[in-house]
Amino acid sequence: MPDTPFAPVIRGDEPGSFPHSVLAERHPAIIRQVRDAFPFGPAQHAALDELLRNCTEGTVGPLPADAPDRDRWHAWGLPDHTGRSWYDVPWLWSESYFYRRLLDAVGYVGPGAWQGIDPFRPFKRAELDAPETDAELAALDGLRDLPEEERARALLHGSLWGNRADLGFRLSAADAGTRQPVPALVADDSETLWSLLPPAGTGTLVLVADNAGRELLPDLLLIAHLLTEGRAARAVLHVKPYPYYVSDATTADVVDALNRLRAAPGAAGGYGRVLRSAMADGRLTVRAHPFSCAPLPYADMPDDLRAEFAAATLTVVKGDLNYRRLVGDRFWPPTTPFRETTAYFPGPVAALRTLKSEVITGLSAATEAALVAAEGQRWRTSGTHALIQADPSGGARRG
Ligand SMILES: O=P(O)(O)OC[C@@]1(O)O[C@H](CO)[C@@H](O)[C@@H]1O
């Protein structure tokens, strides 16, 4: 980790703080929404009641003895946190474990008839089927005649701002998906990013996805463009191995998004066909690594994932949660250089993120001062600001 001033790990133990509100209000709201969306039986209702009580008033408990991922969670710190209040362990850990326990409560982990039923699927499907999605896909037709660089820029920004369409976030910011006008980026390293994806590139792009639906669609469109225009020879899309943070994309969500594109008229349908054929011939692959749902920063990634990122020409990390994991879920001074926090990363890396939590690095002192003068600290969590940050050094500084 970087040689910067002490940056405390974020916890949810301060009433009135954003992390505290996520544990005390957002998680109960998610339980309510999931309960409303499915015709659950008595055992599931009882388990949801118990989870609600436990995650708001209780302490972290063990996983069921037969949980298939018990060893993994033990390695990820479960024994250290067992018996402690959910508010007292690192916030990233609490949130991740909440989603894991929710899957137990609804029977996702199985065995049984509910095994593998994604409790967030109705919300993700509704977003994919929304008329706004038709309008966004139809807008692609207007890009057709633009020069490649302008199309690339438009698709990059589509992928970036698609990160506002996060269903968990909307539970506490009802208009976050529609607020206009789009404010300026608080950091913009897009020139560095494009320099890593030159035309006639022969390398591999890794895109670590965030949300399904209206974020995943523009992510896929960006990938289709990069493959078609030769800025990447191959792409690897990392998704979550199980439902997580409400709207995070799983392989099933990739299938839904690809089918949505295939059925669309105009340019969107064309992109859909490009992506299907890239899947078929291996230029586009989907990965669901267990560590993608780990309650830990990427600095703790296992060796096999480290090797994958090291081999990529560029890894693009999407969204707020992945940003927290990339730089470390800490109260960094906002002017801490991004590249200091990513020095451990084994290859060139870029972050595309709208700001929805307090973690931030890489701001100039002037930008931070202007944001604070205009908004106090609201800019950190409102989802109305975004950033593109890149570290091209690829771990070259590691000794
Ligand atoms: O990763 P994403 O989808 O951009 O955002 C995830 C998020 O909604 O969840 C966290 C709070 O639970 C925040 O970090 C953030 O606002």
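Predicted model: local features only at pLDDT ≥ 70, side-chain atom pairs only at ≥ 80, totals over all residues.
## Domains and their contact

The protein is divided into two parts, domain 1 (18-119) and domain 2 (123-391). Taken over C-alpha atoms, the centres of domain 1 and domain 2 are 27 Å apart. Domain 1 brings 16 residues to the contact, and domain 2 brings 20 residues.

On the side of domain 1 that touches domain 2, the elements giving two or more residues are α1 (18-37) and α5 (91-106). Helix α5 provides the largest share of this side, with 7 residues. By class, this side of domain 1 consists of 12 nonpolar, 1 polar and 3 charged residues.

## Helix α1

Helix α1 contains 20 residues. From its first C-alpha to its last, α1 reaches 26 Å, which is close to the 28 Å expected at 1.5 Å a residue. The helix also has a bend of about 30° at Arg26, and a proline, Pro28, follows within four residues.

The buried residues of α1 are Pro19, Val22, Leu23, His27, Ile30, Ile31 and Val34.

## Ala43 in helix α2

Ala43 is placed in helix α2 (residues 42-57). Is Ala43 buried or exposed? Ala43 is exposed, because 12 other C-beta atoms lie within 10 Å of its own, and a residue with 12 or fewer is classed in this way. Ala43 and Ala105 are 62 residues apart along the chain, while their C-alpha atoms are separated by 8.4 Å.

Helix α8 (residues 148-162) has 15 residues, so at 1.5 Å a residue it should span 21 Å. Its end C-alpha atoms are 21 Å apart, in agreement with that expectation.

Within α8, the residues Ala152, Leu155, Leu156, Gly158, Ser159, Leu160 and Gly162 are buried.

## Surroundings of the ligand

The shell around the ligand holds 15 residues, of which Gly319, Asp320, Leu321, Lys356 and Ser357 come nearest. The elements that give two or more residues to this shell are α9 (167-170) and α15 (319-327). Helix α15 gives the most, with 4 residues. Sorted by class, the shell has 4 nonpolar, 5 polar and 6 charged residues.

Most residues other than glycine have a negative phi, and most peptide bonds are trans. Several sites in this model depart from that pattern, as follows. Gly110 and Pro111 are joined by a cis peptide bond, with omega about 0°. Pro111 is in the loop between α5 and α6 (121-128).

Tyr245 has a positive phi, near 45°, and Val246 has a positive phi as well, near 60°. Tyr245 lies in the loop between β3 (234-238) and α12 (251-263), and Val246 is found in the loop between β3 and α12. Why is Tyr245 counted as buried? Tyr245 is buried because 22 other C-beta atoms lie within 10 Å, and the cut-off for a buried residue is 20 or more. Val246 is buried too, with 23 other C-beta atoms within 10 Å.

Notes:
Residues numbered from 1 in each chain as written. Near = placed C-beta within 6 Å. Nonpolar A, V, L, I, M, F, W, Y, C, P; charged D, E, K, R; others polar. Domains from an automatic or database assignment. Contact = placed C-beta atoms within 7 Å. Expected span 1.5 Å × (residues − 1). Bend = angle between axes of the 7 residues up to and from the residue.
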